[in-house]
Amino acid sequence: MAGTVGRVIVGKPEAIRLALVAMLAEGHLLVEDVPGVGKTSLAKALARSVDGAVSRIQFTPDLLPGDITGTSIYNRQTSEFEFRPGPVFANVVIADEINRASPKTQSALLECMAEHQVTADGGTYPLGDPFMVVATQNPVEMDGTYPLPEAQRDRFTIRISVGYPDPAAELAMLDEHGTDQPLERMRPVTDLHTLRSMVATTRALHTAAEVRRYCVEIVGATRRLPEVRLGASPRATLHLLRAARAWAATAGRGYVIPDDVQAVAVPVLAHRLILGPEGVAARRSTTDLVRGALGRVAVPSPPRS
């Protein structure tokens with residue numbers, strides 16, 4: 001799957017691996033970067049690699065919650081209201097430029113992301129299995145945008161930045177994309193049944209008590225940082241463990257080691273921290289703060305034989 005997506009997003013193996021980790025961890029992915037680096041292409045490529053239902057929502061200021069979740073339509077023949085599902089009823093939902101919609105519309109995704117269901121007009125409707133939201137946003141051009149509230153950012157398992165490619169990768173991109181569109185030629189490499197099996201295997205990966213405690217201590221360390229007004233939540237601890245298992249699975253291991261936790265700590269935790277006055281004054285980034293928290297927590301030693 002990574003190789004197929006890599007033909008669309010050239011020279012970004014780590015970003016692609018983290019996107020797959022989010023999928024295997026039963027989580028949601030936030031792709032945050034400047035325009036033109038392939039945020040939407042990455043989201044589309046990830047979605048097309050799975051033979052499931054895919055939908056794309058272009059978030060705009062006039063988008064309404066019902067445009068996402070669906071609405072009830074009056075049926076004259078039956079004299080009853082019928083629920084018409086919205087684009088969120090898919091296995092992979094691409095939320096393009098999510099911060100351009102109003103907070104009211106953004107909040108329509110909260111129940112979907114947390115509980116995999118939609119409640120509308122007194123009825124509850126389950127979403128697809130698996131279900132994943134891949135959202136993109138531009139952190140630079142903030143005119144006419146609505147920053148994601150902390151409650152919604154906390155529901156994204158992983159945040160990644162694609163970043164600019166190096167010269168060699170950019171040259172390869174010209175050769176690959178100059179005369180053709182690899183995204184249009186993409187074909188699914190797995191089906192939903194296989195993906196569910198992969199997710200179940202990832203969920204059952206062996207994780208020693210010392211590694212689980214390591215996750216708790218790292219998240220706890222972010223709450224004690226003097227530069228932070230709000231540290232990572234207990235949900236972040238759960239996401240950190242799931243992402244570490246998925247990282248181990250992509251490495252072909254049947255167990256989790258501390259290195260797996262360290263590899264995903266920044267993508268899982270950095271976007272959840274809110275800086276306090278001291279952190280803003282010192283111009284500290286949340287990425288640096290998470291790395292600092294990692295340095296303050298003792299790495300568990302391997303068990304003695």
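Select helix H10, residues 192–203. Its 12 residues reach 16 Å from first C-alpha to last, close to the 16 Å expected at 1.5 Å a residue (expected span: 1.5 Å times one less than the number of residues). Helices (H or I, at least four residues) and strands (E, at least two) are DSSP runs, numbered from the N terminus.

This is a predicted model: local features need pLDDT of at least 70, side-chain atom pairs count only at pLDDT 80 or more, and totals for chains, interfaces and linings use all residues. Residues are numbered from 1 along each chain as its sequence is written, and side-chain values use heavy atoms, leaving out hydrogens and water.

Now pick Leu192, Leu195, Val199 and Thr202: these H10 residues are buried (under 20% relative accessible area; exposed is over 50%, partly exposed in between; 1.4 Å probe, protein chains only). Look down the axis of H10: its buried residues fall within an arc of 80 degrees, so they line one face of the helix. The arc is taken from directions from the helix axis to the C-beta atoms. Their cover includes helix H2 (13–24), strand E2 (50–51), strand E11 (190–191) and H12.

Next, H11, residues 209–223. This helix has 15 residues and reaches 22 Å from first C-alpha to last, close to the 21 Å expected. Its buried residues include Val211, Tyr214, Cys215 and Ile218. Among the elements covering them are strand E12 (228–230), helix H12 (234–250) and helix H13 (258–269).

Finish at methionine 173, in helix H8 (167–177). At 33% relative accessibility, methionine 173 counts as partly exposed.

Conventions:
Contact means heavy atoms within 4.5 Å.
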